[in-house]
Structure formats: C-alpha cells, structure tokens
Amino acid sequence: MRIILAPMEGLVDAPIRETLTRVGGIDRCVTEFVRVTQGVQPPRIFYKFAPELYNQSLTQAGVPVAVQLLGSNPEQMGRNGRKAVELGATQVDINFGCPAKTVNKHKGGCVLMREPELMHEITAAVRQAVPAEVPVTTKMRLGYDDRSMGVACGQALEAAGSAEIVIHARSKVDGYKPPAYWEEVSRVREAVSAPVIANGEIWTVADYWRCREVSGCDDVMIGRGLIARPDLARRIKASQQGTEVDDMTWPEAVALVREYAEVLQGWLEDRFVTGRIKQWLNFLRLGFPEAERLWPTARKIRDVAPILACLEQPLVT
C-alpha cells in the first residue's frame, strides 16, 4: 500500500522532495523529467534534476527517487536510460503522461498515447538498455483525445517490460479538471498483469480510500494533494493502521516553507526563490485557511525575507 510523490514539472524539485519526505508517509519519489532529444544528456543535467544520485538515489530521509525521462526516440531514450543508471539511478521512469502543449508539440508526453506501438518501442528500448535488476516503469494517462486508449497503451507498456504502470485517471483533454475517472483505471488494471498505480484527485484520506476501492489499486501516486497538505501521506499511513495522527498546523507548514526556501537560496537567485514560495503557497491555500487569508498580501511581495515574515505573522481569528 505504497504512496508515491508525483513528479510535477517546475514544482516537485529536489528541495521539496527533501522537505516532504521528512514529514513522512511517502514511499517513493519521481524526478521532474529529463528531456531527451538527440544524444545523451551530460551528467550535470541528470544531477540537476536528480541530485539524489549523489546519495544512492535516496532523499536524506532515505526515500528512493526514480529518474524520469521524456522523449520519443527509442534509441536515444535507451542511451539516456543507460546513462542514468551509470550515474546511480536505481529506477528509470518514462513519461507518457505530460499534457503540456509545448511538450506534446514536440512529440513528448501524453501525445504518444496516440501511438501505443511507439510507446512499446520506447519502453522496450529503455528496458533493453539498462541492467535487468533496475526496474523500468512508466506513467501515462487514460488517453490523449479521449479516455479510450488506456487499455491498449497499458498492454503495450506491459508487453515492453514496464515493471509498473502509473495511470493519471484523466485524458490529456480532461487536463486536471475533476473528476478523476478511477473506474477507467480499474479497466486497465484488469487488462494487464503488471502492477497499476492510480493517480489523480486524491486530496484527503477519504479520497485515498475511495480511489483504492474504485480503481482496485493497492498503490497510489499523489501530486497536488501532497503539496496542499504536506502531512497527507503521513495521515494516510496512520489510517492504514487504523489510527490517527494530529493534523499539521499552519505554523508547522510555514516552518516547512522556510526550510524549503533556505535550501532554494543555495540554488537560485532570490527572485526565483520567491516565485517558488508563492507557487507552493498557492497550493497551500487548498489545505490551510490561513494560507488563503494571507495570499492577497503575500502574492504582491517580491523578496524572500518579507514573504516569509508575512507567512509567520500572527493571524487574528
């Protein structure tokens, strides 16, 4: 009954993986995608997206991190998968789920679900290129134009050697709009023997149990729900044991944001750090009423210290 932190381009970077895995409850993470076009990416690119490679592909909390690749050329994807393993990757994941227009325009991500044969070729090429003991996994949606391609694509990935298949329970056209079609994930799960992991629209402990019931999946991947409520995985784990843990308080959430900002300041200019803080705060509005109340003021602040001070100010109830 694993909980996997979803890759979210531009948001779930290494510092936020470190922050969230320290909270507890997360069993695995996946990096933002390494874009594969022509040739093998240099080591610095892999280390940029997956600095955990310096630590046996683990966060400091000891949670495994898979390196994710995105591209459409089977040979180049295989070569980059091999390079990731040479640099220390213990799992290689392939992105067939990204709905971004710029990515799809260049034949990457979810648009490949129009071509299950090509998905098979890409996955098989990576599987053949990396050592047998390193799992090759995949992430997809239910389709591109509609939700009719889930079974065909899932079967293509299984036949190519995908050890696990994560399914975001929407099509590309659905975007991120509710609902998530967990029942369609169940159809794919019943059509393949490889483990299927359900993803999409899990915001609460109750959502988690409902997703498992409808999809039939033992494992789930959570993205936005864990950004909005950093303790969601920890509370789900407690519910699996029939217990409860106290909800994270707003001051505890602010402390996480401060830790995140301090790490980011070693990576980025302050103006970019402020942008990342605002991005996270925007999600925290979905989980904390305090964040909603502070948002109109915080969103106008351009510097790191003032925005952190804004988050830490006492709120009058």
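**Group meeting: strands, cores and loops**

I will begin with glutamate 201, which has a relative accessible area of 18% and therefore counts as buried; here buried means under 20% relative accessible area, exposed means over 50%, and partly exposed is what lies in between, calculated with a 1.4 Å probe on protein chains only. What we have is a predicted model, in which local features need pLDDT of at least 70 and side-chain atom pairs count only at pLDDT 80 or more, while totals for chains, interfaces and linings use all residues. Residues are numbered from 1 along each chain as its sequence is written, and side-chain values use heavy atoms, with hydrogens and water left out.

Staying with glutamate 201, this residue sits in the loop between strand 7 (196-199) and helix 8 (205-215), where helices (H or I, at least four residues) and strands (E, at least two) are DSSP runs numbered from the N terminus. Its phi is positive, about 65 degrees, although it is not a glycine. Most residues other than glycine have a negative phi, and most peptide bonds are trans. Glutamine 56 also has a positive phi, near 60 degrees, and lies in the loop between helix 2 and strand 3, but glutamine 56 counts as exposed, because its relative accessibility is 64%. As for the peptide bonds, the one that joins proline 178 and proline 179 is cis, with omega about 5 degrees, and proline 179 belongs to the loop between strand 6 (165-168) and helix 7 (182-191).

Serine 171 is found in the loop between strand 6 and helix 7. Is serine 171 buried or exposed? At 1% relative accessibility, serine 171 counts as buried. A polar atom of its side chain lies 3.3 Å from the backbone nitrogen of valine 173. Leaving aside neighbours within four places in sequence, serine 171 is in contact (heavy atoms within 4.5 Å) with Arg141, Gly143, Tyr144, Asp146 and Arg147.

Let me turn to the strands. Strand 2 (residues 28-35) has seven of its eight residues buried, so the rest of the structure largely encloses it. Two bridges join strand 1 (residues 3-5) to strand 2, and these strands run parallel; two strands pair if DSSP finds at least two bridges between them. Strand 2 also pairs with strand 3 (residues 65-70), in the parallel sense and over five bridges. Cysteine 29 has leucine 5 opposite it, and cysteine 29 likewise stands opposite valine 65 in strand 3. From strand 2 the chain passes through helix 2 (residues 43-49) to strand 3, in a right-handed β-α-β crossover, meaning that, with the strands pointing away from the viewer, the path from the first strand over the helix to the second runs clockwise.

Strand 5 (residues 136-140) is largely enclosed too, because five of its five residues are buried. In a regular strand the side chains alternate between the two faces of the sheet. Both faces of strand 5 are covered, with Val136, Thr138 and Met140 buried on one side and Thr137 and Lys139 on the other. Five bridges join strand 5 to strand 4 in parallel, with asparagine 95 opposite lysine 139, and three bridges pair strand 5 with strand 6, again in the parallel sense, with lysine 139 opposite valine 166. Strand 5, helix 6 (residues 150-160) and strand 6 make a right-handed β-α-β unit.

Helix 3 (residues 74-86) has 13 residues and reaches 18 Å from its first C-alpha to its last, close to the 18 Å expected at 1.5 Å a residue, the expected span being 1.5 Å times one less than the number of residues. Its buried residues, including Met77 and Val85, pack against helix 2, strand 3, strand 4 (92-96) and helix 5 (116-129). Helix 3 is followed by glycine 88, whose phi is positive, near 120 degrees.

Finally, the cores: a nonpolar core is a set of buried Ala, Val, Leu, Ile, Met, Phe, Trp, Tyr and Cys residues joined through side-chain atoms within 4.5 Å. Of the 95 residues in the largest nonpolar core, Val67, Met140, Ile227, Trp250, Ile277 and Trp280 touch the most other members. Helix 11 (residues 250-264) gives the most to this core, with eight residues. A second, separate core of seven residues includes Ile4, Val30, Ala66 and Val166.

Key: A polar contact is a pair of N or O atoms within 3.5 Å; within protein, one must be able to donate a hydrogen and the other to accept it, and residues adjacent in sequence count only if both atoms are side-chain atoms.
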